[in-house]
Amino acid sequence: MTAKRKIEIFSAGCAVCNEVVEQVKSMACPSCDITVLDMHEQSIAARAKVLGIKSLPAVVIDGKLADCCANRGIDESVLRAAGVGSPI
């Protein structure tokens, strides 16, 4: 039995997510086992949180969040610096 690389794509089903799904699928080789996970499902969202996923789409390879998907998400200090929460 040949080992497989487990690739999980966490998706909300939006156009951007779908584009990433297609891109990863086009890059895949026979050693890649791709699963698309729906973030609308509570158990999937809970797992995403444990993995450190802060924005979508996100790709996890063999249980590790891909570097291209890490450290993204909302940064409150950046939003406040842009004026969020401050009257005009």
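Lys6, Glu8 and Arg47 are linked in a network of salt bridges, where a salt bridge is a side-chain nitrogen of Lys or Arg within 4 Å of a carboxyl oxygen of Asp or Glu. By this rule the count comes to three salt bridges. The model is predicted, so local features need pLDDT of at least 70 and side-chain atom pairs count only at pLDDT 80 or more, while totals for chains, interfaces and linings use all residues. Residues are numbered from 1 along each chain as its sequence is written, and side-chain values use heavy atoms, with hydrogens and water left out.

**Salt bridges**

- Glutamate 8 forms a salt bridge with lysine 6, and the closest N and O atoms are 3.8 Å apart.
- A salt bridge also joins the side chains of arginine 47 and glutamate 8, at 2.7 Å from N to O. Arginine 47 lies in helix 2 and glutamate 8 in strand 1, so this pair ties together parts that are 39 residues apart in sequence.
- Helices (H or I, at least four residues) and strands (E, at least two) are DSSP runs, numbered from the N terminus.
- Glutamate 8 is buried, with a relative accessible area of 5%; buried means under 20% relative accessible area, exposed over 50%, and partly exposed in between (1.4 Å probe, protein chains only).
- Lysine 6 is partly exposed at a relative accessible area of 42%, and arginine 47 is partly exposed at 33%.
- Lysine 64 forms a salt bridge with aspartate 67, with the closest N and O atoms 3.4 Å apart. Both lysine 64 and aspartate 67 are exposed.

- Four strands form an open sheet in the order 2-1-3-4, with mixed pairing. Its edge strands are strand 2 (32–38) and strand 4 (64–65), each of which pairs on one side only.
- Two strands pair if DSSP finds at least two bridges between them.
- Strand 1 (residues 5–11) pairs with strand 2 in the parallel sense over seven bridges. Within strand 2, aspartate 33 is the bridge partner of lysine 6.
- Strand 1 and strand 3 run antiparallel and are joined by four bridges. Alanine 58, in strand 3, is the bridge partner of phenylalanine 10.
- Strand 3 and strand 4 also run antiparallel, joined by two bridges. Isoleucine 61 stands opposite lysine 64 in strand 4.

**Helices against the sheet**

- Strand 1 and strand 2, paired in the parallel sense, are both touched by helix 1 (residues 15–27), which packs on the sheet and also touches strand 3 (58–61). The direction of helix 1 makes about 165 degrees with that of strand 1.
- Helix 2 (residues 42–51) lies across strand 1, strand 2, strand 3 and strand 4, and runs at about 110 degrees to strand 1.
- Axes are lines fitted to C-alpha atoms, for helices over the stretch in contact, and angles run from 0 to 180 degrees between N-to-C directions.

**Surroundings of isoleucine 7**

- Isoleucine 7 lies in strand 1 and is buried, with a relative accessible area of 7%.
- Leaving aside neighbours within four places in sequence, isoleucine 7 is in contact with Val24, Cys32, Asp33, Ile34, Thr35, Val59, Val60 and Ile61. Contact means heavy atoms within 4.5 Å.
- The C-alpha atoms of isoleucine 7 and serine 43 are separated by 18 Å, and these residues are 36 apart along the chain.

**Backbone geometry**

- The peptide bond from leucine 56 to proline 57 is cis, with omega near -5 degrees. Proline 57 is placed in the loop between helix 2 and strand 3.
- Strand 3 and strand 4 form a hairpin with two residues between them. Aspartate 62, in the loop between these strands, has a positive phi of about 50 degrees although it is not a glycine.

**Nonpolar surface**

- Ile74, Leu79 and Val84 make a nonpolar surface patch of about 310 Å².
- Patches are made of residues with over 30% relative accessible area and no salt bridge; like charges are joined within 9 Å, and nonpolar side chains (Val, Leu, Ile, Met, Phe, Trp, Tyr) within 5 Å. Accessible areas come from the Shrake-Rupley method with a 1.4 Å probe, and for residues only the protein chains shown count as cover.
- Valine 84 is found in the segment after helix 3 (76–81) and counts as partly exposed at 48% relative accessibility.
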